[in-house]
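Dear colleague,

Please find below the structure that I am handing over to you. My notes on what was found in it follow directly after.

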Amino acid sequence: MTDLEQLLTVQAHDTQTDQLRHKRATLPERARAAELKVVLGDLARELEVQDATRADLARELKKREDELALLEEKIKKEDATLYGGGVSNPRELQALQDEIAGMKRRVSTIEDAVLELLERLEPVEVEVATLETRRTENSDELARVQAALTVAEAELDVELDAVAAERARAAAGIPDALLAEYTQLRTHGGVGVARLSGNRCEGCHLTMAAAEVERIKRSGPDEVAHCEECGRILVH
Ligand SMILES: [Zn+2]
């Protein structure tokens, strides 16, 4: 095989490497993992807000319930005093009854507040539970996607290694200067060498002047020619 034919083989391996690298960089699992991370970030922020609301309401509720317990304890004590027979002065009894009545009104007010707090707390708890479920679902999916991504990357890496080994074998006998020129030409669009097919360069797909094509075809198979249009090395 001539050096130029060999260079075409190198080109084929390089093109394959480019495609594999592109495939590796654009694996759908990578995009999905990125999406899921954004969703999980949003969910975490939303959960933080809802959790703070829930904690505020729960704290308020606890405060009210403690107040209620305290009042009920006090009422029980005053009731015991009232009915215990230890107080006989009518004015004192009246004062005691008034005090108990006042505390009972206060109990009623606090009970209303407790009910209202419970009503406000319920939808927040539902929301927190919903968000937590979504977070679990999304992080489970992320774990699956990341595992699949790791497998897909490893498979492509095996392919890339195999192509690199073949490429090294193909490039072994090619003169350094030719390989260097090819590498330089390949920086534009990934193709540095192309076959001359009839009058057409397969690199840029443009037709060359018949006289130039004739000249190239008459030259030896190892003589390096270039496409007039794109400058790529031509294999003829
Ligand atoms: Zn060309």
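**Overall form**

Buried residues make up 10% of the 236 residues in the chain; a residue is buried if 20 or more other C-beta atoms, placed from the backbone, lie within 10 Å of its own, exposed if 12 or fewer, and partly exposed in between. Please note that this is a predicted model, in which local features need pLDDT of at least 70 and side-chain atom pairs count only at pLDDT 80 or more, while totals for chains, interfaces and linings use all residues. Residues are numbered from 1 along each chain as its sequence is written.

The radius of gyration of the chain is 42 Å, whereas a compact globule of 236 residues would have one near 18 Å (taken over C-alpha atoms; the globule rule is 2.2 Å times the number of residues to the power 0.38). Along the principal axes, the C-alpha atoms fill a box of roughly 135 × 35 × 25 Å.

The chain contains five helices and four strands, which are DSSP runs numbered from the N terminus (helices: H or I, at least four residues; strands: E, at least two). From the N terminus on, their order is α-α-α-α-β-β-α-β-β.

The domain assignment, which is automatic or from a database, gives domain 1 (3-171) and domain 2 (176-235). Their centres, taken over C-alpha atoms, are separated by 62 Å. The contact takes 10 residues from domain 1 and 13 residues from domain 2, two residues being in contact if their C-beta atoms, placed from the backbone, lie within 7 Å. Helix α1 (residues 3-25) gives the most to the domain 1 side, with nine residues.

The largest nonpolar core has 13 residues, of which Leu7, Tyr182, Val193, Ala194, Ile233 and Leu234 touch the most other members. Such a core is a set of buried Ala, Val, Leu, Ile, Met, Phe, Trp, Tyr and Cys residues joined through C-beta atoms within 7 Å. Two or more residues come from each of α1, α4 (176-186), β1 (193-197) and β4 (233-235). Because domain 1 (3-171) and domain 2 (176-235) both give residues to this core, it lies between them.

In α1, the buried residues are Leu4, Leu7, Val10, Gln11 and Asp14. Their cover includes α3 (90-171), α4, β1 and β4.

His205 lies in the loop between β2 (200-201) and α5 (210-218). Although not a glycine, His205 has a positive phi of about 65°. His205 counts as exposed, with 11 C-beta neighbours inside 10 Å.

With kind regards
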